[in-house]
Amino acid sequence: MMFFWREMVHDSIVCFFYYLAVTASLYFRLFIALERYCFIACPLLDCLRQTEGSVLVCVLVWVFCSVSALAVFLYEFVRLIIYAALPAPLFIFCLAGTLKALPAATSVPNEEKRRIVGTLVLLLLNYFLINLPAVILLTLNLYPHFPETLIDFIIIILFLFSSLLDFILFAFMCKGPIDRLLARLCCCSMESNNTGDVTDVSTDRSDHVVRDGGKEETGSHDGR
């Protein structure tokens, strides 16, 4: 709604609040990714999951978003730094660091690990497939009539509907049917490994049975 309001009104106050809303949406998602990473890699930082720590971080994010929105409003090409240069490495670092720290997090249940990885993958795909192309397109747009091509139109439509990701993100972070879906996605590799282990065990058992049978036959011939 604010996107269309901004295009129709062209008021400076409306533009500022529009940039503030977009920045807050992006950086709160980034904060969720950082919190999920700290839950696995840095379990001692439990203050982020407490009420006081969450409120403090939210206030800091809003202050940063206000300053960033003002900078984007004053200098147009600063949005590439605010929306692209800062979040992209952090999203990649959170997913890579979480995957690296998963084997050491023995106290975290497997269901929680799957939810965390699914949440980080969802946030990463949303940023690189929806947010980042729209930011680059809106910043480097030099066309007199926008959008000009079908790809531009699709990118803008996806950017407008990116807020619906919050419902999917909420489902990934809650216990429920998503756990079954993630468990089924993870079962393929586990079943293949288990099949190989069962084959090896059955082969070893057959070898032991053949050897034991040969020993029994040899013992019976010696007795005779």
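**View 1. The crossing of helices α2 and α8 in this predicted model is left-handed, a term used where the near helix is turned anticlockwise from the far one by less than a right angle, with right-handed used if clockwise.** The axes of α2 (residues 12–41) and α8 (residues 165–173) come within 13 Å and cross at roughly 15°; the axes are lines fitted to C-alpha atoms over the stretch in contact, with angles running from 0 to 180 degrees between N-to-C directions. This angle makes α2 roughly parallel to α8, the wording for angles under 35 degrees, whereas over 145 is roughly antiparallel, 65 to 115 roughly perpendicular and the rest oblique. Helices are DSSP runs (H or I, at least four residues), numbered from the N terminus.

**View 2. Helix α6 has a kink of about 35°, centred on Y127.** The bend at a residue is the angle between axes fitted to the seven residues ending there and the seven starting there. Helix α6 (residues 110–139) has 30 residues and reaches 42 Å from its first C-alpha to its last, close to the expected 44 Å, which is 1.5 Å times one less than its number of residues.

**View 3. The sulfur of C42 is 5.1 Å from the closest cysteine sulfur, in C38, too far for a bond.** Zero disulfides are found in a search of the whole structure, a disulfide being a pair of cysteine sulfur atoms within 2.5 Å. C38 is buried, with a relative accessible area of 14%, while C42 is partly exposed at 28%; buried means under 20%, exposed over 50% and partly exposed in between (1.4 Å probe, protein chains only).

**Notes to all views.** Residues are numbered from 1 along each chain as its sequence is written, and side-chain values use heavy atoms, leaving out hydrogens and water. In this predicted model, local features need pLDDT of at least 70 and side-chain atom pairs count only at pLDDT 80 or more, while totals for chains, interfaces and linings use all residues.

Definitions and conventions:
Helix = DSSP H or I, 4+ residues; strand = E, 2+ residues; numbered from the N terminus.
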